[in-house]
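Please open the structure in a viewer and keep the selection tool at hand. The stops below are meant to be followed in order.

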Amino acid sequence: MKKIGFIGLGVMGQAIAANLQVDGYDLTVFNRTASKADDLVENGANYAPTPRQVAEVSDLVITMVGYPTDVEEVYFDAENGIFSGISAGKIVVDMTTSTPTLAKKIAEKSAELGVLTLDAPVSGGDIGAKNRTLTVMAGGDKLAFEQVSEIFSKIAKKAQYFGAAGSGQHVKMANQIGIAGTMTALSELLVYAKAAGLELDAVIDTLSAGGANTWSLVNYGPRILKADYSPGFFVKHFIKDLKIALDESAKMSLELPATQLALDLYEKVANQGYHDAGTQALIRLWWTE
């Protein structure tokens, strides 16, 4: 699988694709905004004008787009989608955080075409994508997981297979539920510490060495103190993820009040104009200066 197609060059997709390019893979890329592929193309990647053409020339196609509707279009568009151009024996891996239902639909169509598939969303944000320290949560064809494990090892510190199609997306929902709690906790502990007149750099440094330590505290705490709200992960995409998590929870007759509260807070900060900011912009509900 030396020929890799990569569709979706956002904050994380761009970094993952660049790392695979450095590793020597023959890369063909597509993005709706073609200019986002310029750096990759300058360094030797091929640009294809449609997902179909990416699939035609690639052994492995990785997708990492924004929303489930984007995933649906990229795979199923009758004229230009992946399934209109892919052939038997190839592998597709969707790294978008999407719905388990759509992951199963992709797997069913792939099976009809003799294609192996994985739903393999990731965690780790822009930092993890750049530093090759992502976590991959995979569901789908076990044979596909075995065949792409070497590639996963080049972009992630851990990749785990969980079972049938949709399993990877369910694990990612559990991850996002956890992140929702750490981001609200990070925001409130800083609000509290600031109101108490504490030195916030020292608070972050100290708490990072104790029981309150989280990835969010270590990676997003310093950004907040610098008023850096650039996206490692977009508020608008986190809202999408939390809605999926709550929808899936409802299907299992679960109530998750803390996750619902996190969604409400993120929708509030999005309505204040921060939908394209990073998730650390949640602090702006308290800090307005």
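Predicted model: local features only at pLDDT ≥ 70, side-chain atom pairs only at ≥ 80, totals over all residues.

Residues are numbered from 1 along each chain as its sequence is written, and side-chain values use heavy atoms, with hydrogens and water left out.

Select residues 3-7, which form strand β1. Helices (H or I, at least four residues) and strands (E, at least two) are DSSP runs, numbered from the N terminus. Four of the five residues of β1 are buried, buried meaning under 20% relative accessible area, with exposed over 50% and partly exposed in between (1.4 Å probe, protein chains only).

Two strands pair if DSSP finds at least two bridges between them. Lys 3 stands opposite Asp 26 in β2. To follow the chain from β1 to β2, show helix α1 (residues 11-22); this β-α-β crossover is right-handed, that is, with the strands pointing away from the viewer, the path from the first strand over the helix to the second runs clockwise.

**Ile 82**

Select Ile 82, in the loop between α4 and β5 (91-94). Is Ile 82 buried or exposed? Its relative accessibility is 0%, and therefore Ile 82 counts as buried. Beyond residues up to four places away in sequence, Ile 82 touches Ile 7, Pro 51, Arg 52, Ala 55, Val 61, Thr 63, Val 74, Tyr 75 and Val 92; contact means heavy atoms within 4.5 Å.

**Helix α10**

Move to residues 215-225, helix α10, where the buried residues include Ser 216, Leu 217, Tyr 220 and Ile 224. Among the elements that cover the buried residues of α10 are α6 (125-131), α8 (167-195) and α9 (200-207). Just after α10, Ala 227 takes a positive phi of about 55°.

**Pockets and cavity**

On a 1 Å grid over the protein atoms alone, a cavity is a set of points where a 1.4 Å probe fits but cannot get out, and a pocket is an open set with protein on both sides within 12 Å along at least five of seven lines; lining residues have an atom within 4 Å of a point. Grid points are joined across faces, edges and corners, and a volume is the space filled by probe spheres set on the points.

The largest pocket holds about 740 Å³ of space. Of its 35 lining residues, select Gly 10, Met 64, Val 65, Gly 66 and His 237, the closest to its centre. α1, α4 (68-76) and α11 (235-251) are the elements that give two or more residues to this lining.

For the second largest pocket, of about 350 Å³, select Ser 123, Gly 124, Gly 125, Ile 179 and Trp 215, which lie nearest its centre among 21 lining residues. Helix α10 returns here: β7 (122-123), α6, α8 and α10 each supply at least two lining residues.

Finally, one cavity of 30 Å³ or more is found in the whole structure. To see its lining, select Tyr 75, Asp 94, Ala 103, Ile 106, Thr 117, Leu 118 and Asp 119.
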